[in-house]
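Trainee: I would be grateful for a close look at a single part of this model. Please treat it in one connected account.

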Amino acid sequence: MWRRATSLSSLIFSSSRRPLRDQQGAYSLKAWEFFCAEPFKGEGCLSKEKNLFITFVLGGPGSGKGTQCAKIVENFGYTHLSAGELLRQEIASNSEDGAVILDMIKEGKIVPSEMTVKLLKKEMESCDNGKFLIDGFPRNEENRIAFEQIIGAEPNSVLFFDCPEEEMIKRVLNRNEGRVDDNIDTIRKRLKVFAASHYPVIEYYSKKGKLYKIDAIGTEDEIFERVRPVFAACKGAH
C-alpha cells in the first residue's frame with residue numbers, strides 16, 4: 001500500500017535492499033484528511049482562475065510512474081502532463097522557444113526552469129480540468145521554486161515511486177525503445193543524477209507532510225492497488 005513518508009532514511013532507492021512494504025490496513029484518518037484538504041490557492045493568476053488540485057509524480061527511470069499515471073487518469077479523471085514531453089513538443093512545433101530549447105539541449109545546457117514551467121502553465125490554462133498529474137517534475141529545487149512562483153500554487157500531494165536500483169536497471173534494459181543510452185553504465189549514471197537532484201525535493205515535501213511513498217515492486221495492477229486508496233479517498237471527499 002502507500003504511506004505518508006515521515007523519515008528520509010528510506011526515501012531514495014537502494015540497490016542493496018527492497019523497499020520496506022507497509023503493513024496492510026486502512027490508511028490513517030490524519031493522512032486521509034490532509035490529502036483531501038481544500039486545494040491550495042496561491043498568488044499566481046492561474047491559481048486564482050482555477051480550483052487546482054495538483055499531484056507531482058516522482059520516480060527514477062524504470063520506476064513505472066508513467067504506467068501508473070495512465071491508470072490514475074483512466075480511473076480518476078486527472079490530466080497527465082509530462083514536462084519532458086512538453087519540451088519535445090515545443091521543439092517539434094518549430095517555434096522560437098522550441099529553437100532555443102533545442103539549441104540549449106545540443107549544447108548540453110539545462111533548460112531554464114522558467115521556460116519549462118511556462119509550458120506547463122500554458123497547458124494547465126488551456127485545460128478545463130483542474131486536476132493535474134505532473135509527471136517527472138520538479139527535477140530539482142530550482143524547478144520547485146519556479147513552479148510555485150509562476151503557477152502560484154503548491155502541489156496538494158507528491159507521489160514517490162520507490163523502486164530498488166537493480167530493478168529499475170532491469171526494467172529499462174527490457175524496454176524495446178531502441179534508446180542509445182539504455183545500457184547499464186549510462187542507466188546507473190542517470191539513476192545517480194536522479195537521486196542527487198531529487199533528494200532535496202523529496203526531503204522538502206516529506207517535511208511538509210505531502211509525500212506519499214509507493215512500493216513500486218510487483219505487477220502493474222498490484223502497484224496500482226497501492227496507489228488507488230490515495231486518490232479514492234479524495235474522490236469520495238469532493
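This is a predicted model: local features need pLDDT of at least 70, side-chain atom pairs count only at pLDDT 80 or more; totals for chains, interfaces and linings use all residues.

How many nonpolar, polar and charged residues does the lining of the largest pocket have?

Mentor: The lining of the largest pocket has 19 polar, 12 nonpolar and 11 charged residues. The largest pocket holds about 1,500 Å³ of space. Its lining is made up of 42 residues, and those that lie nearest the centre are G84, R88, G136, R139 and R190. Several elements of secondary structure take part: strand β2 (53-59) and the helices α3 (65-76), α4 (83-92), α9 (184-207) and α10 (220-237) each contribute at least two residues to the lining.

Leaving aside residues up to four places away in sequence, I91 touches G98, I101, L102 and I105. For D103, 12 residues from I91 along the chain, the C-alpha separation from I91 is 9.7 Å.

Of its 238 residues, 49% count as buried. Among the contacts in the chain with a separation of 6 or more, 78% come from residues 24 or more positions apart. The accessible surface of the chain amounts to about 12,100 Å², and carbon and sulfur atoms account for 50% of that area.

Methods
Residues are numbered from 1 along each chain as its sequence is written. Side-chain values use heavy atoms; hydrogens and water are left out. On a 1 Å grid over the protein atoms alone, a cavity is a set of points where a 1.4 Å probe fits but cannot get out, and a pocket is an open set with protein on both sides within 12 Å along at least five of seven lines; lining residues have an atom within 4 Å of a point. Grid points are joined across faces, edges and corners, and a volume is the space filled by probe spheres set on the points. Helices (H or I, at least four residues) and strands (E, at least two) are DSSP runs, numbered from the N terminus. Ala, Val, Leu, Ile, Met, Phe, Trp, Tyr, Cys and Pro count as nonpolar, Asp, Glu, Lys and Arg as charged, and the others, Gly among them, as polar. Contact means heavy atoms within 4.5 Å. Buried means under 20% relative accessible area, exposed over 50%, partly exposed in between (1.4 Å probe, protein chains only). Accessible areas come from the Shrake-Rupley method with a 1.4 Å probe; for residues, only the protein chains shown count as cover.
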